[in-house]
Structure formats: C-alpha cells, structure tokens
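Hi,

Here is the structure I promised to send over. Have a look, and my notes follow below.

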Amino acid sequence: MRQNDQKTLAVVGLGYVGLPLALLAERKGYRVIGIDIDKKKVEMIQNKQCPFVDSDLAKDMAETRIEATSDFLKVKDADIIVICVPTPVYENHMPNLEPVEGACIEIAPFLQKKQLVILESTVNPGITENVVMPILEKGSGLKAGKDFMLAHCPERINPGDKKWTVKNIPRVVGGLDKKSLKRAVDFYRSIISAEVKPMNSLKEAEAVKVVENSFRDINIAFVNELAMSFSKLGIDIIDVIEGASTKPFAFMTHYPGCGVGGHCIPVDPYYLIEYARTNGFQHDFLSLARKINNQMPCFTVDQAIASLNTKGVNIAGAKVAVLGLAYKPEIGDQRESPAFEIVKILKEKGANVSVYDPFVPDQSAASLDEAIEGSQAVIIATAHKAFKKLTPDYFLNHKVSAVIDGRNCLPKEKFIRAGLAYRGIGR
Ligand SMILES: NC(=O)c1ccc[n+]([C@@H]2O[C@H](COP(=O)([O-])OP(=O)(O)OC[C@H]3O[C@@H](n4cnc5c(N)ncnc54)[C@H](O)[C@@H]3O)[C@@H](O)[C@H]2O)c1
C-alpha cells in the first residue's frame with residue numbers, strides 16, 4: 001500500500017491548476033474527488049478526456065480514476081479540500097472574487113470537523129482569513145482553527161512548461177495556526193518532490209504570489225518601454241538584451257512583446273494594487289507597469305500600419321492575418337491574450353482581419369494558408385513552433401508584404417533581405 005492510500009482529497013475547480021494537482025495526488029496514492037460547476041468539463045473528465053489541449057495531461061487522463069462531479073456533497077468524504085477556482089478581474093480591473101466566494105458557499109454546508117481546507121487560487125493578502133474563513137464558518141457552523149483547519153498555498157504552475165511542473169515547483173504555505181500549517185505542509189510534501197516552505201502567516205503566503213507576478217509584470221513593462229523607445233532610436237532591443245544578459249549577476253533577462261496575457265501576470269497585480277489602495281497606499285510603479293503592458297497591442301498595430309505604409313498600403317481596407325490567439329506558445333489558453341485586443345484595434349482601423357491558431361481550432365481559420373490568403377500584412381501574436389518555422393518565401397509566395405513579429409521569434413535579417421517590410425517589437 002502506498003503512503004497516502006485511504007486519504008481522500010477533494011479538488012474544487014478542475015482547470016489548469018486543479019486538474020494537474022488532482023492527477024498528481026492520485027498518482028501519489030490519494031483517492032481524488034474533483035468538483036467543478038462546469039458540467040461539460042466534469043463529463044469530459046469522467047470520460048477520461050483532458051478538457052484543454054495538453055499532451056502530457058491527456059496521457060495521464062487516460063488512466064485516471066478521479067471521481068469528477070458537480071455535486072458539492074462529495075466534499076464530505078474528503079480529508080483535505082483544495083480550492084483552485086479562478087480569480088479574474090472585472091472589466092474595470094477590480095478583483096472578482098465571485099468564484100472563490102461561490103465555491104466556499106457551496107462547500108460550507110458539507111464541511112466536516114477535522115477537515116483541512118487549502119486555498120490555492122491567487123489572491124491578495126487577507127482573502128483567506130477575511131473572505132474564505134467567514135463564509136466557511138457561517139455556512140458550516142464550525143470554527144476555523146478549532147473544528148477545521150485552513151491554509152493557503154498559491155499555485156505557481158506554468159502550463160506548457162515541460163521542465164517545471166506541479167511535481168517539482170517549490171511551494172510556500174501559510175496556515176491559520178500551527179496545526180493548519182503543519183497539515184498543509186505535510187500534504188504538499190507527500191505529493192511534490194521540491195521544497196515546501198512554511199510561511200509565518202496566511203497573509204505572507206498570499207503576498208508571495210502577487211509579488212512574484214508583479215515582479216514579472218514590472219520587468220516586462222520595462223523592456224516593453226525600452227522596445228517602444230528603441231524602435232525610434234534605431235537600436236535593436238533584442239541584441240541589447242542579449243548583450244546585457246552576458247552579465248552574470250544583477251541582470252535578469254526579460255523580453256518585450258505584443259502584450260502580456262494569461263490568467264496571472266496581467267491580472268494578479270491588480271489584486272495587490274486594489275488591496276493596497278483600500279489600505280491607503282497607491283502603487284504608482286505597479287499601475288504604470290500595467291498601463292505600459294496594456295499599450296503593447298496598440299503599439300503592435302502601429303507597427304503594422306507603418307510597415308504597410310512603406311509598401312503604399314493603407315490599413316483601412318487592408319487584409320491582416322493575426323497568427324496566434326493563445327497567450328503563450330504551444331497551449332490553447334486564450335485568457336487575457338493580447339491577440340484579441342490586436343484584432344479589435346485592427347478592425348477599428350478598418351482592416352479585414354483573419355485569425356489562425358492551431359491550438360484554438362474553434363475560433364480560427366481552418367488552416368494557416370486560409371488565414372494568410374489575400375493578406376497584405378501578418379502579425380505573429382503567439383510564438384507557436386508552427387509560426388517560428390515560417391520562411392520569407394512562404395509569405396512572399398502568398399503575396400504578403402509586411403510581417404509584424406509580435407514575439408520577435410523570426411530571423412529579422414532574413415526577412416528584411418527578402419524584401420519584406422519586417423518589424424518586431426523594438427527591432
Ligand atoms: N493558469 C495558470 O497558469 C495559473 C498558474 C498559477 C496560479 N493560477 C491561479 O489558480 C487559480 C485557478 O486558475 P486556473 O488557470 O486553473 O483557472 P481555470 O479557469 O482553468 O479553472 C478553474 C475551474 O474552476 C471552475 N469553477 C469556477 N467557479 C467554480 C465554483 N464556484 N465551484 C467549483 N468550480 C468552479 C471552472 O469551471 C474551471 O473549470 C486562479 O486563481 C489563478 O490565478 C493559475
């Protein structure tokens with residue numbers, strides 16, 4: 001019998017975070033109940049299908065025994081309940097805690113004494129104690145710390161990353177009290193091979209995650225700003241970054257691009273900004289980073305307009321193909337993807353737009369050729385391998401005259417030499 005046999009884990013929210021965790025825990029001997037309000041997703045998991053494009057997960061799914069359901073009554077059976085629901089922002093960038101609150105409201109009536117509840121969703125400091133705990137206590141009649149345990153362990157998974165996975169990414173854990181902390185730390189140590197670092201409080205653990213993602217957002221904003229500046233100065237930002245990267249200390253490489261996407265980097269900083277604002281502090285630096293990164297789709301379209309102009313083509317009435325809808329390579333996740341803003345701006349400028357993404361078949365042209373057909377300009381919005389392989393000849397054969405490399409993933413010199421109006425982001 002394996003170490004964790006007989007223990008039952010309930011994972012609430014079976015998305016990019018919850019599903020890999022559920023599969024890992026199952027492999028480590030836990031009986032796993034998966035709960036999701038999305039009935040279609042539940043049905044797919046019951047049929048051993050991966051609900052999103054991920055070849056590694058799909059393999060694990062084929063053998064899974066996860067008991068997927070939309071019935072929250074099932075949490076009664078669990079020793080540990082892990083909440084992995086989304087934490088998006090509203091259109092005005094204010095944190096949207098409805099999924100977290102909704103999940104807690106549904107869990108609460110079935111909460112049992114001695115259970116451990118862990119929030120994995122990314123939240124600003126204070127949410128586990130001030131939002132999750134009162135909902136669970138009110139709906140269950142139980143007391144946190146006395147009857148049930150409560151912890152926060154922010155997930156750091158990077159979907160599509162083959163090296164760093166849920167199995168080997170170190171974790172930080174905060175607990176409501178010593179017992180909660182110990183049980184949560186023990187749980188993660190029983191399933192992952194990496195360090196599990198106990199933090200001093202729930203708030204500290206919550207802060208770790210928003211700081212990590214804010215750090216990345218700020219660094220990307222810096223290189224994006226340099227890209228916009230250097231495009232006017234005639235300096236290739238990529239060459240400069242590669243030069244600076246030879247310094248073995250005190251420089252960390254980040255690259256500019258046509259925008260920041262995904263459920264984390266363009267979202268999580270707003271949680272910190274808003275939390276600090278309500279506590280009397282204005283995060284100017286972080287707010288500016290968000291503003292700069294949000295400008296990148298517009299800058300990208302400006303590059304397309306300028307490139308087309310050099311070929312005597314006006315954007316109004318031109319056909320532009322946008323390649324890539326996913327926010328990053330080799331996955332189909334489109335959340336907050338800058339590609340959508342690029343498409344919107346192009347349409348506002350009067351362009352006819354086609355889109356293609358092999359990972360998002362339902363929303364795009366049937367093939368690359370179909371998307372490119374008749375296009376005067378192409379914008380690469382995602383550095384999928386299939387796009388990185390494209391040659392100048394391919395575009396020339398399709399009568400494309402301008403290529404905007406929104407991910408700086410094509411060999412610039414070759415494209416320019418071939419007579420295409422090539423522009424990257426800052427090069
Ligand atoms: N995607 C990432 O790369 C990533 C990485 C680290 C952390 N996170 C964080 O993890 C959390 C989850 O993100 P995700 O990417 O897995 O989201 P996701 O949208 O892929 O999955 C969330 C799942 O929760 C379900 N759900 C929503 N409300 C629910 C409710 N009330 N009860 C039960 N199920 C509910 C949804 O149907 C969905 O299947 C977020 O807080 C996110 O910021 C995400």
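Which strands does helix α10 lie across? Helix α10 (residues 284-310) lies across β9, β11 (377-380), β12 (402-405) and β13, where contact means C-beta atoms, placed from the backbone, within 7 Å. Against β12 the helix runs at about 160 degrees; axes are lines fitted to C-alpha atoms, for helices over the stretch in contact, and angles run from 0 to 180 degrees between N-to-C directions. Helices (H or I, at least four residues) and strands (E, at least two) are DSSP runs, numbered from the N terminus.

Before you read on: this is a predicted model, with local features needing pLDDT of at least 70 and side-chain atom pairs counting only at pLDDT 80 or more, while totals for chains, interfaces and linings use all residues. Residues are numbered from 1 along each chain as its sequence is written.

Now the sheet. It is open, with 5 strands in the order β10-β9-β11-β12-β13 and parallel pairing (two strands pair if DSSP finds at least two bridges between them). β10 (352-356) and β13 (421-424) are the edge strands, each with a single partner, so one side of each has no neighbour in the sheet. On average, neighbouring strands are turned by 15 degrees against each other, direction ignored. Strand β9 (residues 319-323) runs parallel to β10 and is joined to β10 by 5 bridges; one of the residues involved, Leu323, has Tyr356 of β10 as its bridge partner.

As for domains, the automatic or database assignment gives domain 1 (8-200) and domain 2 (224-424). Their C-alpha centres lie 34 Å apart, and the contact takes 17 residues from domain 1 and 16 residues from domain 2.

Cheers

Conventions. Contact = placed C-beta atoms within 7 Å.
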